[in-house]
Amino acid sequence: MKKLSTDLKENKFEKVYLFYGEEEYLKSSYRKQFVDQIVAGNDMNLSVYENTAPEVEEIMENADTAPFFGEYRLVILENSGLFNRECDDLCDYLDKIPETTIILFIEKKADKRKKLFKKVQKLGYICEMNKQNEKQLSPWVGAYLKKNSKNITVKDASYFLGNVGLDMSTISNELDKLISYVGKRDTITKRDIDAVCIKQLNVRIFDMIDALSVRNKEQTLKSYYELIADKEPPARILFMIARQFTLILQAKDLSNRGMSRAEIGHIMNVQDFIVRKCISQSHNFTVADLKHGLESCVELDSQIKNGLINDQIGVEMLLINMM
C-alpha cells in the first residue's frame with residue numbers, strides 16, 4: 001500500500017490498478033483518495049460500474065474518451081467478477097489504454113491464475129487488502145487519533161482493539177465517537193473506551209466467563225441478562241460460551257507445554273488480547289472443568305434443538321450449574 005500513497009502524493013499513476021481482498025474499509029478509503037486526486041470534483045472524467053460486468057466495448061468507449069478539463073479520466077469497475085472468468089478481449093485492450101486514462105478494478109476475490117490478473121500485474125499495480133492484525137492496526141489507531149489532535153498509549157490502544165475488534169470500519173466509527181466524547185482533552189484513556197465504545201460479542205462473553213471463573217453468580221447472570229436484553233439469541237450465546245471454553249482449554253494446554261504467548265497466539269490464530277484473556281481465565285479452571293463445560297454445552301444444544309428445554313432458560317441454568 002506504500003506505493004499507492006506514493007502514486008497519490010506524486011500524482012503519477014499506473015494505467016491500471018486492482019484492489020482486492022476482504023478489508024472493505026481499505027478498499028473504500030483508497031478508492032475515495034483516487035477519485036478525489038484524479039477526478040478532483042470533475043465527475044465528467046469519472047465512469048463507475050458497480051456490481052456488474054459491462055461489455056468490453058462499453059469499457060473501451062469510456063476509457064478512450066479524452067478527459068474534459070482535466071489530466072486524467074478514471075474508469076472504476078467494482079465487484080465485476082471479471083477476475084474469475086476469461087476476458088481475452090479486455091486483456092488485449094489493456095495494452096492500448098490511452099495515457100490519459102486510468103482503470104481501477106476493485107474486487108473481493110481475484111483468481112491469480114486468470115489472464116486478466118496477470119495482465120494487470122504486468123501493466124499496472126495490484127494491491128491485496130485483507131484484514132489487518134493487531135500489530136498493524138495499533139499504529140494506525142495512533143495515526144488516526146493524531147490527525148484529530150488526540151493521542152493514546154500503546155497499552156490502551158491494545159485494550160481498545162481488544163474491545164471493538166479488528167474491522168477497520170468499526171474501529172474508525174468507535175474512534176470518531178471517542179474523539180467527540182473527550183472534547184478538548186487530548187488523551188484517550190481506558191475509562192473513555194469503557195464509557196462509549198460498544199464491545200464486540202466475544203469480549204462480552206469474555207467478561208461473563210471472567211465472572212463465572214471466580215464463581216461470581218450475580219455478575220455472571222447480570223452479563224447474561226444484558227446480552228438477552230440486547231437481543232442476542234441464546235443459541236448464539238451458547239455457541240460463544242462453548243467457543244470460549246474451547247479457546248481456554250487450548251490456551252491452558254499450550255501454556256502447560258511451556259509455549260510463549262506469541263507462540264500460543266500463532267497456533268490458535270487469535271489476537272494477542274484473546275490469548276492474554278484465555279491464559280488468565282485458564283488459571284481458574286481445571287482441565288476437567290473445561291471439558292465438562294464443553295460437554296454440557298453440547299448436551300444443552302441438543303436439548304434445545306429437540307424442543308426439550310427453552311433456550312433462554314437452558315443457557316441460564318447452564319451458567320448456574322457451572323458455578
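Predicted model: local features only at pLDDT ≥ 70, side-chain atom pairs only at ≥ 80, totals over all residues.
User: How many salt bridges does the count come to?
Analyst: The count comes to 24 salt bridges.

User: What do the side chains of E14 and K3 do?
Analyst: They meet in a salt bridge, at 3.0 Å from N to O. E14 sits in the loop between α1 (2-10) and β1 (16-20) and K3 in helix α1, so the contact ties together parts 11 residues apart in sequence.

User: And E14, what is its relative accessible area?
Analyst: E14 has 25%, which makes it partly exposed. K3 is also given as partly exposed, at 27%.

User: Switching to helix α2. How far apart in it are E24 and K27?
Analyst: E24 and K27 are three residues apart in that helix (residues 24-39), about one helical turn. Their side chains form a salt bridge at 3.2 Å, N to O.

User: K27, buried or exposed?
Analyst: K27 is buried, with 2% relative accessibility. The cut-off for buried is under 20%. E24 counts as partly exposed at 37%.

User: What about R31 and E50, what is the N to O distance?
Analyst: The R31 and E50 side chains meet in a salt bridge at 3.7 Å. R31 belongs to helix α2 and E50 to strand β2 (residues 46-50), so this pair links parts 19 residues apart in sequence.

User: Where does R31 fall, buried or exposed?
Analyst: R31 counts as buried, at 18% relative accessibility. E50 is partly exposed, with 47%.

User: Which residues are joined into one network?
Analyst: K3, D7 and E14 are, through salt bridges that share partners.

Technical notes
Residues numbered from 1 in each chain as written. Heavy atoms only, no water. Salt bridge = Lys/Arg side-chain N within 4 Å of Asp/Glu carboxyl O. Helix = DSSP H or I, 4+ residues; strand = E, 2+ residues; numbered from the N terminus. Buried < 20%, exposed > 50% of the residue type's maximum accessible area, 1.4 Å probe, protein only.
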